Amino acid sequence: MIATHPRFISMTEALGGLNPGHFIRDRSRFRLYRRCHHSGWNLQRCVKCDVVDRARTACLVCSDGKPTEVFGRGGRFCVRHRRWHDGSEDEIVADFDGHLRAEQALSGLLWSRGVTLHTGEFGLATRLILDSWQEQPAAEQHIARRTYGPVVELLVTLTYPDVALTMAALAESHRRQVEGLIGLVVGAGKGSRTRELEDTANRVIRVHRAAMYEALRMPNSNGATITTAPFEKGIAEASYRAKAVFLRHVTRSGRRDELEERVVRGAPASRVVSRRLVPGWADDAPWNTTAGGSTSTATQIGRVARDQIHQADAEHLSESQERAQRGVSRVSGA
Ligand SMILES: [Zn+2]
Ligand SMILES: [Zn+2]
């Protein structure tokens, strides 16, 4: 906790010969693109929410051989030194074309869409690629390194707003959506259509369609009966509730379908919704059984620890606030 104290930070800056405010400025450069109520649900890097990514392992050559974690933009391949760095693994990559492209997409296009290794999409894309490789000879070694290129390529497609909409739109048929998703996965990973892939694709489409339904019909509050929540707010909240990691990239509703009506729980306060989609929110998603999360090494001068605490607090807070709110509406409804 002492590491977050302003005096400790300014002392560290002085010791390291850095300008005052170095860490604050550094952190602001790596704020994530997200949607929140502060900016009218536009995709922005909000100063007030101040959400940065979870830490990841830095390249050992970049960090002078000291195990270091960083929370900046980028993934698991060092473009400068052509090294793969992930947890305890740190080695030079010989055939690096795929890794280079993946890293550029992750720190460029995907970054501007608010997608990182820890925002949920990466875990699901990894699950899908691995499922499509089930019929290939099993290779337990370097699985994260082998999936990196195909997973990022799949992410670039699936987080494109119109593709995300096609996957979740209620006007499309469920079967066509499953077929479309399977096609994209097989195309990106050069795998094949396996039973496991069919199962996961079915589940993903089911979850995303249900979440879309919920987003479109979400009452503005628990007490509201007529007014629905703003579209982007409904999308953010419904994504969170169902761990529908690709739904949050949808920017328009598509055609609507007449479906059997069912009750949708009202949206919580805007500030609660805004705090939800922070890195790690989809870690316990049902498909995350083999996603290789990097284990912690040393943290870099306390910054990382502070981020984790900050976000854990925010999540905890939002949950308790929501519970309190539900309690209130139950009382008023009785
Ligand atoms: Zn905000
Ligand atoms: Zn490096």
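**Briefing: a hairpin and a nonpolar core**

In the hairpin formed by β6 and β7, 2 residues lie between the strands, and Gly-87 adopts a positive phi near 60°. The model is predicted. The protein contains 12 helices and 7 strands. Of its 334 residues, 40% count as buried.

**The hairpin**

- Strand β6 covers residues 83-86 and strand β7 covers residues 89-92.
- The two strands, β6 and β7, pair in the antiparallel sense, with 4 bridges.
- Within this pairing, Arg-83 stands opposite Ile-92 in β7.

**The largest nonpolar core**

- The largest nonpolar core holds 71 residues.
- Ala-125, Ile-129, Leu-154, Leu-155, Ala-168, Ala-211 and Leu-247 are the residues that touch the most other members of this core.
- Two or more residues each come from β5 (77-78), α3 (97-107), α5 (121-132), α6 (143-158), α7 (161-168), α8 (174-189), α9 (195-217) and α10 (231-242).
- The element that gives the most to this core is α9, with 10 residues.

**Contacts**

- Leu-154, one of the core residues that touch the most other members, is in contact with Ala-125, Leu-128, Ile-129, Leu-184, Val-185 and Ala-188, leaving aside its neighbours within four places in sequence.
- Across the protein, among contacts with a separation of 6 or more, 70% are between residues 24 or more positions apart.

Conventions. Residues are numbered from 1 along each chain as its sequence is written. Chains are lettered from A and ligands numbered from 1 in the order in which they are written. This is a predicted model: local features need pLDDT of at least 70, side-chain atom pairs count only at pLDDT 80 or more; totals for chains, interfaces and linings use all residues. A residue is buried if 20 or more other C-beta atoms lie within 10 Å of its own, exposed if 12 or fewer, and partly exposed in between; C-beta atoms are placed from the backbone. Two residues are in contact if their C-beta atoms, placed from the backbone, lie within 7 Å. A nonpolar core is a set of buried Ala, Val, Leu, Ile, Met, Phe, Trp, Tyr and Cys residues joined through C-beta atoms within 7 Å. Two strands pair if DSSP finds at least two bridges between them.
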